[in-house]
Amino acid sequence: MAKIIGITGGIASGKSTVTNYLRQKGYQVIDADQVVHELQAKGGKLYQALVSWLGSAILNEAGELDRPKLSQLIFSSQENLAKSSQLQNDIIRQELANRRDQLAKTEETFFMDIPLLFEQDYEDWFDKVWLVDVSKGTQLERLMARNNLSKEEAQQRIAAQLSLAEKRQRAEIVIDNNGALSDTLKQVQALLDKERR
């Protein structure tokens, strides 16, 4: 029986830092964001669903999804956010389940990086959930810098997710990513050593 560990955290909390390290250590990581990108690629299942909902206004000249325009539309109203979630979640869940089942055949332990793990009720998929945690201030700064957003836009995106305080209560393991990179990776290595025992 494969052991499956879920990884989550708020937006810009440093999940990719952790998953890159896991990959370096030879572990397989299913990245939900990457899966979504593939499904949103021209002709993909999500691409087709989004275009039939929002029309060709969300496409760029090359006929691909215009991500900034799409994000703006989705985050512009609670109604759009809810509809987008419902539309996309079924397709994404099915694809993630397929990939999980494939890996479970060959891997002893593997990871799934799912940003909205708690919000979308993925908890029962995992033996354990690791949360990559940062303070509110750090999260806001990193998100503004990474996505070139105004403070208001960044706060809006953070508010669309469950608070980190709530996630802390629900995760089995909390990785503190407020300090130096080496500190974060030390915590991850200690967790991996524990899993191997």
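**Figure 1. Lining of the largest pocket.** In this predicted model, the lining of the largest pocket divides into 16 nonpolar, 17 polar and 10 charged residues. The pocket has a volume of about 1400 Å³. It is lined by 43 residues. Closest to its centre are Asp33, Phe75, Pro115, Leu116 and Gln161.

**Figure 2. Helices around the largest pocket.** Which helices each supply at least two residues of the lining? They are H1 (15-24), H2 (32-40), H4 (67-75), H5 (78-106) and H6. The largest share comes from H5, with 8 residues.

**Figure 3. Packing of H6 against H7.** Helix H6 spans residues 136-147, and helix H7 spans residues 151-159. Their axes lie 9 Å apart, at an angle of about 115 degrees. Angles of 65 to 115 degrees count as roughly perpendicular, and H6 and H7 are therefore roughly perpendicular to each other. The crossing of the two helices is right-handed. From H6, the contact draws on Gln139, Leu140, Leu143, Met144 and Asn147. From H7 come Lys151, Ala154, Gln155, Arg157 and Ile158. By class, the contact of H6 with H7 holds 5 nonpolar, 3 polar and 2 charged residues.

**Figure 4. Crossing of H4 and H5.** At what angle do the axes of H4 and H5 cross? The angle is roughly 115 degrees, and the axes come within 7 Å. On the H4 side, the contact residues are Leu73, Ile74 and Phe75. They meet Asn80, Leu81, Ser84 and Gln88 in H5. This contact has 4 nonpolar residues, 3 polar and no charged. Phe75 of H4 is also among the residues closest to the centre of the largest pocket.

**Figure 5. Crossing of H2 and H3.** The axes of H2 and helix H3 (residues 45-54) cross at roughly 65 degrees. They come within 5 Å. H2 contributes Val36, Leu39 and Gln40 to the contact. H3 contributes Lys45, Leu46, Tyr47 and Leu50. The contact of H2 with H3 divides into 5 nonpolar residues, 1 polar and 1 charged. H2 also supplies at least two residues of the lining of the largest pocket.

Methods
Residues are numbered from 1 along each chain as its sequence is written. This is a predicted model: local features need pLDDT of at least 70, side-chain atom pairs count only at pLDDT 80 or more; totals for chains, interfaces and linings use all residues. Side-chain values use heavy atoms; hydrogens and water are left out. Axes are lines fitted to C-alpha atoms, for helices over the stretch in contact, and angles run from 0 to 180 degrees between N-to-C directions. Helices (H or I, at least four residues) and strands (E, at least two) are DSSP runs, numbered from the N terminus. Angles under 35 degrees count as roughly parallel, over 145 as roughly antiparallel, 65 to 115 as roughly perpendicular and the rest as oblique. A crossing is left-handed if the near helix is turned anticlockwise from the far one by less than a right angle, and right-handed if clockwise. Contact means heavy atoms within 4.5 Å. Ala, Val, Leu, Ile, Met, Phe, Trp, Tyr, Cys and Pro count as nonpolar, Asp, Glu, Lys and Arg as charged, and the others, Gly among them, as polar. On a 1 Å grid over the protein atoms alone, a cavity is a set of points where a 1.4 Å probe fits but cannot get out, and a pocket is an open set with protein on both sides within 12 Å along at least five of seven lines; lining residues have an atom within 4 Å of a point. Grid points are joined across faces, edges and corners, and a volume is the space filled by probe spheres set on the points.
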